[in-house]
Amino acid sequence: MSALEKSMHLGRLPSRPPLPGSGGSQSGAKMRMGPGRKRDFSPVPWSQYFESMEDVEVENETGKDTFRVYKSGSEGPVLLLLHGGGHSALSWAVFTAAIISRVQCRIVALDLRSHVLGYMCTLCRLVTYVYMCHAGALHPPTRHLALGETKVKNPEDLSAETMAKDVGNVVEAMYGDLPPPIMLIGHSMGGAIAVHTASSNLVPSLLGLCMIDVVEGTAMDALNSMQNFLRGRPKTFKSLENAIEWSVKSGQIRNLESARVSMVGQVKQCEGITSPEGSKSIVEGIIEEEEEDEEGSESISKRKKEDDMETKKDHPYTWRIELAKTEKYWDGWFRGLSNLFLSCPIPKLLLLAGVDRLDKDLTIGQMQGKFQMQVLPQCGHAVHEDAPDKVAEAVATFLIRHRFAEPIGGFQCVFPGC
């Protein structure tokens, strides 16, 4: 009997996941647990945080590409969210729930090329469906799981120019010639792509720009040690729960709530692994064959035991994108980024995990008041995941201060004159 079957048989279903805005959010680096209680590393579906999912088809010189987006909100400016390298749009899940409770806005979180959520194994679909049923959301599992994927003609092309064009193409495909006011918000690599998109005037209705924990000088210095960091990561995980646990305990994502939804977008099941459903169907076929033909029962019994072992075997997961192979694009993402950011003639916001990340150009620009900056200490590199409430508050304050959005829920801007 599998662990899932035992869980279902004994009625030990996972606890109901916290709903956005329910007060159950765990935005800190650690959860406070009672004596004897274990931390829950089970995955949480995207539908707990986003209202809908859509595949946007765009046309370009090489044909048609399809991009996965997650959406929330119906009024106000569009916040177009671009994730960091190796991450997915799901990294914005908890932030989305936090920001739409503070200001009137619409969220569009985009899965960039080669950063897709793709196929999830049968066991994962079943686990999540049971999870959703237990939570009271009795809908078909395909509505809650991202079973499709971003599909592009040339997934290996991760140049800043190409990805910036992707962003512009998605905006055009979604809104046509009259797009609503849009603010680009990007983390790490996504922040660099946001700047390249803005500086190339690929979003005609752009009203604001936000970079999260990406600075040219710091990024260029870090590239020298990036390969060593990537080699130090585990290459595979025995389960999604194991991947989520590693992400939290290693400090990659310090917020367990965010890790439970976003790590699903960072890993995939290894190729060549047989799904539990496939193994089970083989076993059932063998049982039927044994009933019909008693001759050779010893051989059949041996096959059945081998298939049973295959079913119980660990199903390892690996990283969805091999970041080490994108090295040739790193320089193009970050070189000249500070001056590009400063030259964009729109209100700008820079959120950092530490003031030591500032380079010379941005330090001078900040002293000259060319952009608004806020440091969020006690966060790792994934600032918007580690402290989604604080990032949402900073972005909401920026929007209200510039009269881009209206506050809701009694949210108060902390800047004078808002």
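Contact here means heavy atoms within 4.5 Å. The model shown in these views is predicted.

**View 1. Helices H6 and H12 meet in the predicted model.**
On the H6 side, the contact is made by Met189, Ala192, Ile193 and His196. On the H12 side, Gly332, Trp333 and Phe334 take part. The residues of this contact divide into 5 nonpolar, 2 polar and no charged.

**View 2. The axes of H6 and H12 cross at roughly 55°.**
Two packed helices are described by the angle between their axes and the distance between the axes. Helix H6 covers residues 189-199, and helix H12 covers residues 327-334. Their axes come within 9 Å. Angles of 65 to 115 degrees count as roughly perpendicular, and those under 35 as roughly parallel. H6 and H12 are therefore oblique to each other. The crossing of H6 past H12 is left-handed.

**View 3. Eight strands form an open sheet: 8 strands with mixed pairing.**
The strand order is E1-E2-E4-E3-E5-E6-E10-E11. Strand E1 (52-60) and strand E11 (372-375) are the edge strands, and each pairs on one side only. Neighbouring strands of the sheet are turned by 20° against each other on average, direction ignored.

**View 4. Strand E4 pairs with E2 and with E3.**
Strands of a sheet pair through backbone hydrogen bonds, either parallel or antiparallel. Strand E2 (residues 63-72) and strand E4 (residues 106-110) run antiparallel, joined by 4 bridges. Find Tyr70: its bridge partner in E4 is Ala109. E3 and E4 pair in the parallel sense, over 5 bridges. Here Leu79 stands opposite Ile107 in E4.

**View 5. Strand E3 is covered on both faces.**
In a regular strand the side chains alternate between the two faces of the sheet. Val78, Leu80 and Leu82 lie on one side of E3. Leu79 and Leu81 lie on the other. All of these residues are buried. With 5 of the 5 residues of E3 buried, the strand is largely enclosed by the rest of the structure.

**View 6. Helices H5 and H16 pack against strands of the sheet.**
Helix H5 (residues 160-175) lies across E1, E2, strand E3 (78-82), E4 and strand E5 (182-187). Helix H5 runs at about 110° to E1. Helix H16 (residues 388-401) packs on the sheet. Helix H16 touches E3, E5, strand E6 (206-212), strand E10 (348-352) and E11. The direction of H16 makes about 165° with that of E10.

Conventions
Residues are numbered from 1 along each chain as its sequence is written. This is a predicted model: local features need pLDDT of at least 70, side-chain atom pairs count only at pLDDT 80 or more; totals for chains, interfaces and linings use all residues. Side-chain values use heavy atoms; hydrogens and water are left out. Two strands pair if DSSP finds at least two bridges between them. Helices (H or I, at least four residues) and strands (E, at least two) are DSSP runs, numbered from the N terminus. Axes are lines fitted to C-alpha atoms, for helices over the stretch in contact, and angles run from 0 to 180 degrees between N-to-C directions. Angles under 35 degrees count as roughly parallel, over 145 as roughly antiparallel, 65 to 115 as roughly perpendicular and the rest as oblique. A crossing is left-handed if the near helix is turned anticlockwise from the far one by less than a right angle, and right-handed if clockwise. Ala, Val, Leu, Ile, Met, Phe, Trp, Tyr, Cys and Pro count as nonpolar, Asp, Glu, Lys and Arg as charged, and the others, Gly among them, as polar. Buried means under 20% relative accessible area, exposed over 50%, partly exposed in between (1.4 Å probe, protein chains only).
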